[in-house]
Amino acid sequence: PCCDRYSRCAPTRSGAANAVFTGDRLDSLDDEAFRLAIKETTVFARTTPEHKLRLVEALQADGAIVAMTGDGVNDAPALRRADVGIAMGRKGIEVAKEAAEVVLANDNFATIIAAVREGRTGHDNLTKSNRLDFADERR
């Protein structure tokens, strides 16, 4: 099973119970199995810096836009490689903050969710406004 005493399984999009992968399980996967596993996994626990970088690269190779959070020196390569690197502002060290595009001042993951929602709302409003402008110009 994918769950151990440190983690809880959460259902994936397909409802499978393969929602948590630990670093030692990632080590046992070849590249193809790794790519398949990340599509059905929602949590990666106890990973090394190499695992994090491999995750970012594999997701990007599959066409995903990747955000990575981190707070330490070991997270810096993955933060730098991710499309959006997010460093922890309070407990994070300077190397991670310098590697990231975003520094989360309050170290609260809920802030990321709220910011994404707000950004999507702004994007949707701009798209609607541009459609109206183009429709008016055609008249």
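Of the 139 residues of the protein chain, 29% count as buried. Buried means under 20% relative accessible area, exposed means over 50%, and partly exposed lies in between (1.4 Å probe, protein chains only). This is a predicted model, in which local features need pLDDT of at least 70, side-chain atom pairs count only at pLDDT 80 or more, and totals for chains, interfaces and linings use all residues. Residues are numbered from 1 along each chain as its sequence is written, and side-chain values use heavy atoms, with hydrogens and water left out.

### Overall layout

The protein chain has six helices and five strands. Their order along the sequence is β-α-α-β-α-β-α-β-α-β-α. Helices (H or I, at least four residues) and strands (E, at least two) are DSSP runs, numbered from the N terminus. Among contacts in the protein chain with a separation of 6 or more, 21% join residues 24 or more positions apart. A contact means heavy atoms within 4.5 Å. The protein chain exposes about 9400 Å², and carbon and sulfur atoms supply 52% of that area. Accessible areas come from the Shrake-Rupley method with a 1.4 Å probe; for residues, only the protein chains shown count as cover.

### Nonpolar cores

The largest nonpolar core has eleven residues: V56, V66, M68, A76, A78, L79, A82, A87, A96, A99 and A100. Helices α4 (76-81) and α5 (94-99) each supply at least two residues of this core. Helix α4 gives the most, with three residues. Another core lies apart from it, with seven residues, among them F21, L26, L55 and A58. A nonpolar core is a set of buried Ala, Val, Leu, Ile, Met, Phe, Trp, Tyr and Cys residues joined through side-chain atoms within 4.5 Å.

A76 is one of the residues of the largest core. Not counting residues up to four places away in sequence, A76 touches V95 and A99.

### Helix α3

Helix α3 has 13 residues. From its first C-alpha to its last, α3 reaches 18 Å, close to the 18 Å expected at 1.5 Å a residue. The expected span is 1.5 Å times one less than the number of residues.

In α3, H51, K52, L55, V56, A58 and Q60 are buried. The buried residues of α3 pack against α1, α2, β2 (43-45), β3 and α4.

Q60 lies in helix α3. Its relative accessible area is 16%, so Q60 is buried. Leaving aside neighbours within four places in sequence, Q60 is in contact with V66, R81, A82 and D83. Just after α3, G63 takes a positive phi of about 95°.

### Salt bridges

The structure holds seven salt bridges. A salt bridge is a side-chain nitrogen of Lys or Arg within 4 Å of a carboxyl oxygen of Asp or Glu. Three of these pairs are listed here.

| Pair | N to O distance | Relative accessible area |
|---|---|---|
| R54 and D31 | 3.2 Å | R54 22%, D31 48% |
| R35 and E32 | 3.9 Å | R35 39%, E32 46% |
| D71 and K91 | 3.6 Å | D71 25%, K91 56% |

R54 and D31 meet in a salt bridge. R54 lies in helix α3 (residues 49-61) and D31 in helix α2 (residues 31-39), so the pair ties together parts that are 23 residues apart in sequence.

R35 pairs with E32. They are three residues apart in helix α2, so about one helical turn separates them.

D71 forms a salt bridge with K91. This pair links distant parts of the chain: D71 is in the loop between β3 (67-70) and α4, and K91 is in the loop between β4 (84-88) and α5, 20 residues apart. D71 is partly exposed, whereas K91 counts as exposed.

### Surface

V73, I93 and V95 make a nonpolar surface patch of about 220 Å². Patches are made of residues with over 30% relative accessible area and no salt bridge: like charges are joined within 9 Å, nonpolar side chains (Val, Leu, Ile, Met, Phe, Trp, Tyr) within 5 Å. V73 sits in the loop between β3 and α4. With a relative accessible area of 48%, V73 is partly exposed. V95 also touches A76.

D27 lies in helix α1 (residues 23-27). At 57% relative accessibility, D27 counts as exposed. D27 and T47 are 20 residues apart in sequence and 9.7 Å apart in space, C-alpha to C-alpha.
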